[in-house]
Structure formats: structure tokens, C-alpha cells
Amino acid sequence: MEPIVALATPWGVGALHVIRISGDASKNTVEAFLDKPLQKPRHASLRYFSSEKVEDQVVAIWYSEPHSYTGEEMVEIMCHGNPAIAELIIETLLDAGMKPAQPGEFTFRAFLNGKMDLTQAEAVNDLILARSTELLKAGENTLKGKLSDRIASLRNKVLNVLAFLQAAMDFPEDVEESSIEEQLREILVETEDLIESAKTAEILRKGISLVIAGRPNVGKSSLMNALVGMERSIVSQIPGTTRDYIEQYTVLGKIPVNVVDTAGLRHTDDPIEQEGVKLALRRIEEADLVIFLYDASTGWTDEDKQMFNLIQEEKTIVVGNKIDKGKGNEQHPKAYFVSAKEKTGIDRIIEAIHQLMNITEPPKLLVSQRQMGLLEKTLGDVHDALEHLSVYAEVAADDLFSALRNLTTLIDGDVEEDLLSTVFSNFCIGK
Ligand SMILES: Nc1nc2c(c(=O)[nH]1)N(C=O)[C@@H](CNc1ccc(C(=O)N[C@@H](CCC(=O)O)C(=O)O)cc1)CN2
Ligand SMILES: Nc1nc2c(ncn2[C@@H]2O[C@H](COP(=O)(O)OP(=O)(O)OP(=O)(O)O)[C@@H](O)[C@H]2O)c(=O)[nH]1
Ligand SMILES: [Mg+2]
């Protein structure tokens, strides 16, 4: 393919920069600017790179086709880490007819040349962008091909069921339907397991928004401060202190969290406070999780119940605060108890957040959004197949063919899909 060039290191001052070149006649084009040719593939050679624009002592590595990252002829130039030097070397090569690489284009070529499949190519970027050791580990596994292995095994199982189904249609008396059903259920469970991994990875990657809501003066701002470990939000004994919402990013346990403190929920004639309550309700609506806080020292009151009814229960943790002052008679049956003031009980809330978000163990594999979409389609296909099984075997077979196509697309991409713009466009340049 046409030769491409890009800086593989981040632009800026460093000890070295690495310039990456891949494609036809990479070696010849680079050698025109070197004092001596690159004699041996995959060996580091000390050379002078000189053109009208720039001169620098560099180390260069030539990879002969197909024994390189991309599977094409490649050259890597390590120059001194001044961005101007790297830029002028790249300009020299662009003047010599090379093209600037698109984001992810080296990895895209590696994919096209069969050096890796699509799940591995996607993992390359995830690995680079992983911000926690858990995600890093998951990315490494996917890069090693463990996700592909699981998809391939799923695909084999689907093929197997299809063979069974075919046999059942041809010789109905010889094949037991229950055995087909059992195999389908197994496929279902494995697909769900992968989707679960994808969701966990997604939460660890993107984080969640956690809104603290409740009536005025119950200690929402105090709890916000206890969770984020700083005096972020104003605390006072006057009800209605917080009017706007206050956000602070933090990491709670393993989860990156945007904590949002909101105005106390109550009916009020003050127009500014009314606006605050509206904002709070909107944030609650959009939140991944809500902590509904009440004052446990006075107890779970009718007013609390009224406000609690405004919130979706399944994404809500109920927390009774001010436990240092003792407990009122009535309490919410599922409440966790804390003292935001004395910072007790906070760990239990963090645990509950992990439980509610289903982060029980770190993800073993990194599954991308694209892959998750296809896994969910596969899940739907297998569900359909199960439903159709006893009535129309042909229709069930069609469902499974659809599952097969989705699983194949997961690993190989779709011929119709513009991969460079869908999958690789969020890569770094030079990767
Ligand atoms: N200098 C350099 N370091 C790097 C990379 C790179 O491209 N260049 N990588 C980029 O991500 C990673 C390593 N990945 C690589 C993967 C394959 C090949 C390669 O040359 N493969 C050949 C030869 C295999 C062999 O000798 O065993 C091949 O597959 O045919 C190189 C690097 C991290 N470090
Ligand atoms: N004893 C005790 N007092 C607390 C606790 N948490 C908060 N308070 C007090 O309760 C009062 C209200 O606290 P805030 O955190 O401002 O309450 P809020 O829910 O944000 O109130 P608004 O912003 O008005 O809705 C303050 O005087 C706090 O010091 C606690 O755990 N124990
Ligand atoms: Mg407040």
C-alpha cells in the first residue's frame, strides 16, 4: 500500500521521538536521506538523517515485509526528542511522496494484512487509553486474542446447533429437541457473560454520575464532602443552603464517579429555590445512581416518602444520616446508616455502589461498544431461536444464521462498514 508516515510518540519535548513509516518502498525512500543503507532487517542502526530541512543523528530500524507490525515493509526512526526535528523529518518524507497516516491507520493495515483481528485491533487503543490497572489487564487479555477465542468458540457452538437443527429437520425421530434447547441455553449464558464484561469495562472506563438527593438540611452537602474528601459544597444549618447543583469528580473504590450535590427537595414559594429543585430533579433523572438521603435522627417521615416517590427506586440507595445523634422511630427498611459529619458508614455506601453497578470482580476482557452492540444482537437472535424452536425449525435456523453473521462481524468487521472511520477514527495518530 502507499507509504504512510506519522509521529508515534506524543508531540512535545522528550528524550526521543519515534517516527513510524509503513508501506511500499519505505526503506528506499528513507535511505535516500541516510548516510548509509539499512543493512539488516530488525536491527537498530546508527545513521545520519539529512535533508535540506533537517539533519540529526538517529537510530533506525527496517522491518522487511511481512515481518512487521503492519505486515508491510516498515521503518522506524528514533530521532532526538525535539518536536521540531521530528516534524522536519516527517516533512522531508512527505515531500518525498509519503502520506500522513490517519488515526489508527498502522493498526488498520495490521488488521487488513491478517496480523490481528478486529477485536485485537480495537484492544490496542483501549490498552493505550486504559486509566486503571484493571482495565489494562483486561486490554492485554483482549490483545492476546482471548476475546476472539471466546467468540470463535461461541460461533462453533452456533454452527453445531445449526447442524443439529438441520438433522432434526431431515430426520426428526433421531434428534432430541431438548438437546438443541440445552445447547442454545448454554450459548445464551456465555453471550450474557461477555455482555456483562463489556458493561463492567464500560463503567470502569467512563465512570458514573451519582446524584445526592433528599429534603433540605438532611446533610447532602456534608455527605458530598465526605465522599469526595474535600470541602467542596457549602454546609450550613439553614435549610435551602444548596440551590444550584455542585459537581465533583472523584474515584470511589474502583469506580470513577461524578458526584452531584443538589438543592433540597421541598415545595417552596422562593422562585430561585424552585429553579434549584427543578435542576435537582433533572439531574436525578439523568443519574446512573441516586443516593436518597434522610435524617435518621428524626426518622423516615411522610415528607421523605413524598419526595422519594419522585425517584426511580431501582437506581437508588437510601441512606439515613446523622446517626451520631441517634435514631428516630421510623426508618426506611433498606437504609444504610452514616454520619456525614463524623464520616462513619461511608465505606458501606461505596460497597453498595459497587453492588448496584454490578462491579463485583474486575473485567477479564475489554469489550468495545461496537462489540457489545453485536453481542446484544446475537443474544436477541439466540432468544428468538429458542422461541421459534418448537414451532418453526426453519425460522430458528434463520435466527441462528443471523447470530453467526453477527459473531463473524465481531471478529472480522463488516464488508460494508467503513472501518477506518468507525473503528479506527478514535485512535491516536501513529498507532
Ligand atoms: N519499536 C516498536 N516498539 C513497539 C511496537 C512497534 O511497532 N515498534 N509495538 C507496536 O504496537 C508494540 C509491540 N508490538 C509489535 C508487534 C509485532 C511486531 C513485529 O515486527 N511483528 C513481526 C515479527 C514477529 C516476530 O519476529 O516474532 C510479524 O508479526 O511478522 C513488532 C512490534 C510495542 N512496542
Ligand atoms: N449531627 C450531625 N449533623 C450533621 C450531619 N450531617 C450534616 N449535619 C448538619 O446538618 C446541617 C445541614 O447540613 P448540609 O450538609 O448543609 O445539608 P443539606 O442537605 O446539604 O442542606 P440543603 O443544602 O439546605 O438542602 C448542618 O448544620 C450540618 O452540620 C451528621 O452526620 N451529624
Ligand atoms: Mg446542601
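The side chains of Arg-283 and Glu-286 meet in a salt bridge, with 3.8 Å from N to O; a salt bridge is a side-chain nitrogen of Lys or Arg within 4 Å of a carboxyl oxygen of Asp or Glu. This is a predicted model, in which local features need pLDDT of at least 70, side-chain atom pairs count only at pLDDT 80 or more, and totals for chains, interfaces and linings use all residues. Residues are numbered from 1 along each chain as its sequence is written, chains are lettered from A and ligands numbered from 1 in the order in which they are written, and side-chain values use heavy atoms, with hydrogens and water left out.

**View 1. The Arg-283 and Glu-286 pair in helix H9.** Both residues lie in helix H9 (residues 271-286), three residues apart, about one turn of the helix. Helices (H or I, at least four residues) and strands (E, at least two) are DSSP runs, numbered from the N terminus. Arg-283 counts as buried at 15% relative accessibility; buried means under 20% relative accessible area, exposed over 50%, and partly exposed in between (1.4 Å probe, protein chains only).

**View 2. The magnesium ion (ligand 3) and its coordinating residues.** Ser-221 (OG) and Thr-242 (OG1) coordinate the ion at 2.0 to 2.1 Å. Ser-221 belongs to helix H8 (residues 220-228) and Thr-242 to the loop between H8 and strand E8 (246-252), so the pair ties together parts that are 21 residues apart in sequence. Donors are N, O and S atoms within 2.8 Å of the metal (3.2 Å for Na, K and Ca); water is not among the atoms, so the site may look incomplete. Relative accessible area is 8% for Ser-221, which is buried, and 12% for Thr-242, also buried. Leaving aside neighbours within four places in sequence, Ser-221 is in contact (heavy atoms within 4.5 Å) with residues including Thr-242 and Asp-261. With residues up to four places away likewise not counted, Thr-242 touches Ser-221 and Asp-261, among others. An unreviewed UniProt entry lists Ser-221 and Thr-242 under "binding site"; such annotations may be inferred rather than shown by experiment. Although spread over 22 residues of sequence, they cluster in space, the largest C-alpha distance being 7.6 Å.

**View 3. Helix H8 and its surroundings.** Nine of the nine residues of H8 are buried, among them Lys-220, Leu-223 and Val-228. These buried residues pack against strands E7 (208-214), E8, E9 (255-261) and E10 (289-295), and against helix H11 (346-356). Just after H8, Gly-229 takes a positive phi of about 70 degrees.

**View 4. The salt bridge between Lys-53 and Asp-95.** The closest N and O atoms of this pair are 2.8 Å apart. Lys-53 lies in the loop between strand E3 (44-50) and strand E4 (55-63), and Asp-95 in helix H2 (residues 83-95), so the bridge ties together parts that are 42 residues apart in sequence. Lys-53 is partly exposed, with a relative accessible area of 38%, whereas Asp-95 is exposed at 58%.

**View 5. A salt-bridge network that includes Glu-202 and Arg-205.** Asp-126, Glu-202, Arg-205 and Lys-206 are linked in this network. Between Arg-205 and Glu-202, the closest N and O atoms are 2.9 Å apart. The two are three residues apart in helix H7 (residues 177-206), a separation of about one helical turn. Arg-205 is partly exposed at 22% relative accessibility, while Glu-202 is buried at 12%.
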